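Hello,

Here is the structure I promised to pass on. Please open it and keep it beside you while you read my notes below.

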Amino acid sequence: MRTAVIILGGFVLLGLCLLAGRLIGGSSAMMALAARIFIPIWLAAALLNMWVGVARAGYSISEELPIFLLIFALPAGVAAFAWWKFS
C-alpha cells in the first residue's frame, strides 16, 4: 500500500511540475522542460525512499531495489513520454 501511495505522489508531483510549466511559459517547450526537470527530482525522492527502507525499516538493498525501480520507473516513464510528446 505504501508503494502505491508513493507512486501516486510521483504522479501528483509530475502533474504539479507540468502545471508549473504551463503557468510559467505555456508553450510546449516549457512543458517539456518541466517534465525533464521532474526526472532528477523524482530520482532523488525515490532514492530517499530506498534509503529509509534500508536504514530505518531494516530491509536489505536487494529487497528494496525492485521496489525502488518500480517507484522510480512508473512516474519517470510517464515524464519521459510527456517530454517526448511536448518536444
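Nonpolar here means Ala, Val, Leu, Ile, Met, Phe, Trp, Tyr, Cys and Pro; charged means Asp, Glu, Lys and Arg; the others, Gly among them, are polar. The lining residues are Arg-2, Thr-3, Ile-6, Asn-49, Val-52, Gly-53, Ala-57, Tyr-59, Glu-63, Glu-64 and Ile-67. H1, H2 and H3 each supply at least two of the lining residues. The volume of this pocket is about 170 Å³. A pocket is an open set of points on a 1 Å grid over the protein atoms alone, where a 1.4 Å probe fits, with protein on both sides within 12 Å along at least five of seven lines; lining residues have an atom within 4 Å of a point. Points are joined across faces, edges and corners, and the volume is the space filled by probe spheres set on them.

A word on the source. The model is predicted, so local features need pLDDT of at least 70 and side-chain atom pairs count only at pLDDT 80 or more, while totals for chains, interfaces and linings use all residues. Residues are numbered from 1 along each chain as its sequence is written, and side-chain values use heavy atoms, with hydrogens and water left out.

Now the overall build. The protein chain has three helices and zero strands. Both are DSSP runs, numbered from the N terminus: helices are H or I with at least four residues, strands are E with at least two. The C-alpha atoms fill a box of roughly 45 × 20 × 20 Å along the principal axes.

Next, the packing. H1 (residues 2–24) and H2 (residues 28–55) have axes that come within 9 Å and cross at roughly 155 degrees. That makes H1 roughly antiparallel to H2. Axes are lines fitted to C-alpha atoms, for helices over the stretch in contact, and angles run from 0 to 180 degrees between N-to-C directions. Angles under 35 degrees count as roughly parallel, over 145 as roughly antiparallel, 65 to 115 as roughly perpendicular and the rest as oblique. By class, the contact of H1 with H2 has 14 nonpolar, four polar and two charged residues. Contact means heavy atoms within 4.5 Å.

H2 and H3 (61–86) pack at about 175 degrees, with axes 8 Å apart. H2 is therefore roughly antiparallel to H3. Their contact has 24 nonpolar, three polar and two charged residues.

What about H1 and H3: parallel or antiparallel? Their axes come within 9 Å and cross at roughly 20 degrees, so they are roughly parallel. Their contact has 14 nonpolar, two polar and no charged residues. Among the H1 residues in it are Phe-11 and Leu-14, and H3 brings residues including Leu-74 and Pro-75.

Best wishes
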